[in-house]
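Here's a quick briefing to read alongside the model. Keep the viewer open and click through the residues as they come up.

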Amino acid sequence: ELYFKNLSKQKKQVMEKNGNNRKLRVCVATCNRADYSKLAPIMFGIKTEPEFFELDVVVLGSHLIDDYGNTYRMIEQDDFDINTRLHTIVRGEDEAAMVESVGLALVKLPDVLNRLKPDIMIVHGDRFDALALATSAALMNIRILHIEGGEVSGTIDDSIRHAITKLAHYHVCCTRSAEQHLISMCEDHDRILLAGCPSYDKLLSAKNKDYMSIIRMWLGDDVKSKDYIVALQHPVTTDIKHSIKMFELTLDALISFNKRTLILFPNIDAGSKEMVRVMRKKGIEHHPNFRAVKHVPFDQFIQLVAHAGCMIGNSSCGVREVGAFGTPVINLGTRQIGRETGENVLHVRDADTKDKILQALQLQFGKQYPCSKIYGDGNAVPRILKFLKSIDLQEPLQKKFCFPPVKDNISQDIDHILETLSALAVDLGGTNLRVAIVSMKGEIVKKYTQFNPKTYEERINLILQMCVEAATEAVKLNCRILGVGISTGGRVNPREGIVLHSTKLIQEWNSVDLRTPLSDTLHLPVWVDNDGNCAALAERKFGQGKGLENFVTLITGTGIGGGIIHQHELIHGSSFCAAELGHLVVSLDGPDCSCGSHGCIEAYASGMALQREAKKLHDEDLLLVEGMSVPKDETVGALHLIQAAKLGNVKAQSILRTAGTALGLGVVNILHTMNPSLVILSGVLASHYIHIVKDVIRQQALPSVQDVDVVASDLVDPALLGAASMVLDYTTRRIY
C-alpha cells in the first residue's frame, strides 16, 4: 500500500513531464490462446481508462492458424480492434520450424512497430514468438513490459523467459519467488512490480456462473460435475521423443480409467504434429469417452477445469490457474518441474509407465483441495495500470542492471592463475611402461617411456620412480596434478584399485594393489582400470565417442581388447570381466589362444597371432618378396607380414584377410548383442582391418545393424588418454 501511495504522489509529476494531454500508447502483442488469457484482463483494464491509455493490438503466431482454432476470433468477440495480423508461423512443428517462425516474425515486426510507434510494448511469458517481439522492440528502442518474468518451469521456456527478462525494461511478476529471481538476475528493483497473475482477476470471480450448460456443451448431457477429466499436454522441445512416448502412455491410462475426458490439442511447439498423430492412431477423436477439441474460450475453460474431477497433463495452466479452484491436478514429466504449486498438484516426473499414470489418476480423481492463491489475489490489473501510469517516458531508455558488489581480488601469484589442470597417466603395456602428464584438453604435455621390467619389485619401483619424476616436472611445467590414472592389461577391480589377473604378457602381476603405494607416495587419488576400458573412456572424453550414449571400442594391438560404453557409462560386469572382446570365439576349430581356449578373435587378429603366422612364412621362405628384407638380428613380426601383403605377397594377404574376417565376425556378434550406435577400432592394426570388417558386416550382420558405422580411432595414445580421463572426469564432478 505504501508503494502505491508513493506511486500516486509521483503520478502528477510524471503526467506533467509527459504532458497532461499525452496518452501512453500501449501495444499489446498476443501470440496464442494461453497468453491471451493473461493479457485480456490487462487489455480490458486499459480500455476502461481511455483518458490515460491508447491501445494497439497486434495478433500473430498460432492465433491465425485454423488447426489451432483461429483463436484471433475470441479477441474480436471481446470487442477489441486488431490493428495488425501477422502470419509468422512456419508449419512443420519441429525445431527448425520454430527457429524459422522467430526469423519470420523478426522480418515482419519492424514495419508494424514503425507504423504504430508505441511508447511501451507488453509481452507475456516464454514462448518463442514472444522472444521475437521482445527482440524487435528492444532493437527499435521501444520500452518493454514483461509479464510473468522470473518464474522457473524446467524446459527451453526457462531460457526464453530469462532472455526476454534481460531485454525488458519493466517487469510484472506473480509470486514472491519470481520477484527474488528477477532481483538475483540483476534487474532494477524499482522497475519490478509484484502484482499477481492477471488471469486470477477473472478466475477468483468465475465460479458463480451457470457451469452445467458449459459442461454439457463440451462433454455431453450425461456428464456430471466432478465426474470428468480435462487433459492438456504439450511437447517438451528439449526431449521430443520422450514427451511423445509419455503422451502415448497418458492416453492409454485415460482409456483404461474409463472416464469422460475433454482433451485439448497440443500447442504449436516442435513435436506437436507427432502428438496429434498419436491421438489419431489411438482413435481418440472418435472414442466415446473422449471429446478432442482445438480450442475452448477461456471463460468456458475456467468453468470446465473448476468443476472437473481432475486435470492431467503438463500445461502451466494446471499448476497455476487450476489451483484457484482446488481441482486435483496430475502434472506429468519435467515441463513444469520448477513451478511453485499448491497441494492440489501431484507430480509424476518420471511418467514412464501406463500403470504409474493410472495410479496417479486413481489417487487424484474426485478429490477437492483448498483453493490456492500462490499466483494472485484477484487484484493484479489495478496494480498493473498504476504501474503503467508511473512510467516516465523522459527517463533514459537504456536499462541499468543492479549487479551485486564484487569483492576485491586477493593478490594471487600469476603462476597459480595460469596453471594447467592435469592428470598423471600410466600405461602398463606388455613391452613398455609409459607415464605422461595429460592436460584437461587431452594434450600430452610430457611423456616418459621405459621398458617394462619382468618382476613385480622392479616394476612397482619403476612406476613410483617415474611418477615422482613426472610430478616434480609438472611443477616446473606449471601443471597442477589432480590425480593418477593407471591403464594395465588383465582383469582389474577399479573400485579397489587392484589388478586381479594379468595377461601372459605382464608377469608377476596378479592380485596387485596399485592404488595404495602410489597414493601413499604421491598423496594423490589413484584410479586403475583395464587398458581396453581406458581406450573406451578416451574415446568418450576426447575421441569419436564424445557425446554418444552407446558405443564399443576394440583395441587391435599385441592382444585384442575392448571397452563398452552403455548409456554414457562404462560397463565393468559383475566380476570385472566385461568387454573381453578379444576372447569372443569365432571358430570352433581355430588356432590356440593365450587364454587357453581356441578360435578366439585374439588367436587370429592380434599382433601376436600375425607374428606367429609371419614366422611360419619366414621359416618356409615364403614371406619375403622383391623390395623387402629382414636383417638377421631383427625379429620377424606383424609389421613384416603387413609389408609383404602390401608388396603383393598372396599368402600374407590371405592371412590378413582371415584375421580381418575373424575380427569382423566378432564385431557382428557385438552388434547383435549390444546394438551400439558406433564401433571404434583402435590400435596400430585398426587401419589394416577396417575395410575387411565393414565387408563382413555387410555380408553377415542382420539388416537392422548393417548401418552401424565402424571407424578407426584418431587418438594417438588411447591408453594414456583413457587413464587420464578417469582422473579428469571424477575431479570435475563427472561420475566414473
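What follows covers confidence, cores, a strand pair and the annotated sites.

This is a predicted model, where local features need pLDDT of at least 70 and side-chain atom pairs count only at pLDDT 80 or more, while totals for chains, interfaces and linings use all residues. Numbering runs from 1 along each chain as its sequence is written, and side-chain values use heavy atoms, with hydrogens and water left out.

**Confidence**

- The protein has a mean pLDDT (the predictor's confidence in each residue, from 0 to 100) of 90, and 94% of its residues reach 70 or more.
- Strand S5 (residues 143-147) has the highest confidence, at 97, and helix H16 (residues 414-418) the lowest, at a mean of 52.
- Helices (H or I, at least four residues) and strands (E, at least two) are DSSP runs, numbered from the N terminus.

**Cores and a buried helix**

- Buried here means under 20% relative accessible area, exposed means over 50%, and partly exposed is in between (1.4 Å probe, protein chains only).
- A nonpolar core is a set of buried Ala, Val, Leu, Ile, Met, Phe, Trp, Tyr and Cys residues joined through side-chain atoms within 4.5 Å.
- The largest nonpolar core has 61 residues, and Ile-312 and Leu-361 have the most contacts inside it.
- Helix H10 (residues 240-257) supplies the largest share of this core, with nine residues.
- Apart from that core lies another one of 42 residues, including Ile-560, Ala-579, Leu-617 and Tyr-689.
- Contact means heavy atoms within 4.5 Å.
- Not counting residues up to four places away in sequence, Leu-361 touches Ile-229, Ala-253, Leu-254, Phe-257, Cys-310, Ile-312 and Ile-330.
- Helix H15 (residues 380-389) is largely enclosed by the rest of the structure, because seven of its 10 residues are buried.
- The buried residues in H15 are Ala-380, Val-381, Ile-384, Leu-385, Phe-387, Leu-388 and Lys-389.

**A parallel strand pair**

- Strands S25 (residues 678-682) and S26 (residues 709-712) run parallel and are joined by four bridges; two strands pair if DSSP finds at least two bridges between them.
- Within this pair, Val-679 stands opposite Val-710 in S26.
- Together with helix H24 (residues 686-700), S25 and S26 make a right-handed β-α-β unit.
- Right-handed means that, with the strands pointing away from the viewer, the path from the first strand over the helix to the second runs clockwise.

**Annotated active site and binding site**

- UniProt positions are given in the numbering used here, feature names are shortened, and annotations may be inferred rather than shown by experiment.
- The unreviewed UniProt entry places "active site" at Asp-531, and the entry's "binding site" listing has Arg-491, Thr-503, Asp-531, Glu-580, His-583 and Glu-602.
- Asp-531 sits in helix H19 (residues 531-542) and is partly exposed, with a relative accessible area of 28%.
- Leaving out residues up to four places away in sequence, Asp-531 touches Ser-487, Thr-488, Gly-489 and Ile-555.
- Thr-503, in the loop between strand S19 (498-501) and strand S20 (512-513), is partly exposed at 34%.
- Sequence neighbours within four places aside, Thr-503 is in contact with Gly-489 and Gly-490.
- Glu-580 lies in the loop between S24 and H20 and counts as partly exposed at 29% relative accessibility.
- With neighbours within four places in sequence set aside, Glu-580 is in contact with Gly-490 and Asn-530.

**The His/Cys binding site**

- A "binding site" annotation in the unreviewed UniProt entry covers His-583, Cys-593, Cys-595 and Cys-600.
- These residues span 18 residues in sequence, yet no two of their C-alpha atoms are more than 8.8 Å apart, so they gather at one spot.
- Cys-593 is in the loop between strand S24 (569-570) and helix H20 (601-605) and is buried, with a relative accessible area of 9%.
- Not counting residues up to four places away in sequence, Cys-593 touches His-583, His-598, Cys-600, Glu-602 and Ala-603.
- Cys-600 is also found in the loop between S24 and H20, and it counts as buried at 0% relative accessibility.
- Leaving aside neighbours within four places in sequence, Cys-600 is in contact with Gly-582, His-583, Leu-584, Val-585, Val-586, Cys-593 and Cys-595.
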